[in-house]
Amino acid sequence: MNSLNSILISFCVSCILMGTLYIICPEGKLSKPLQYIFGLLFVVMVISAAKLPFIGNINFTPPEINTENYEEMEISSAKYVFSYVLTKNGINFKEISLCTDNLPDGSIVISKVIINSDCESEEIIKVLGDLVKTREVEIINE
């Protein structure tokens, strides 16, 4: 019964507040968007003030990360970044291969990048810029 009273009180207060804001609302081009915003605000006010008992406390627990596929995800992400940069700059390539090292703390480091391309090595290294400063890059011309 207490939750029903809370819902009714919040509904009445929200109606009075929204009615006052609607009266103040200017006519013209802004009338429709403001009415939409007021409607959303009304719904939020009623739901948040009511604290419905069937909703209860919502506890969010993040999903656990599967570490078995973590290395594959890192490699595919790195391949995507390299391929995006090369494609964006008009460099034709056939394949990108990555060599990785696993550190004792469990992290993965890309140690070498192998690119099969028909473009000049200097041009590819210039395009990749900061991506290859700490990595060895091998370019295989076809």
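These legends describe close-up views of a sheet and its helices in a predicted model. Residues are numbered from 1 along each chain as its sequence is written. Local features need pLDDT of at least 70, side-chain atom pairs count only at pLDDT 80 or more, and totals for chains, interfaces and linings use all residues, while side-chain values use heavy atoms, with hydrogens and water left out.

**View A. Three strands form an open sheet.** The order is β1-β2-β3, and the pairing is mixed. Strands (E, at least two residues) and helices (H or I, at least four) are DSSP runs, numbered from the N terminus. Two strands pair if DSSP finds at least two bridges between them. β1 (93–102) and β3 are the edge strands, each pairing on one side only. From one strand to the next, the twist averages 20°.

**View B. β1 and β2 pair in the antiparallel sense.** Nine bridges join them. S97 stands opposite I114 in β2. Helix α3 (residues 70–88) packs on the sheet and touches β1 and β2 (contact: heavy atoms within 4.5 Å). The direction of α3 makes about 140° with that of β1. Axes are lines fitted to C-alpha atoms, for helices over the stretch in contact; angles run from 0 to 180 degrees between N-to-C directions.

**View C. Strands β2 (residues 108–117) and β3 (residues 136–141) pair in the parallel sense.** The pairing spans six bridges. S117 stands opposite N141 in β3. From β2 the chain crosses through helix α4 (residues 121–128) to β3, a right-handed β-α-β crossover. Right-handed means that, with the strands pointing away from the viewer, the path from the first strand over the helix to the second runs clockwise.
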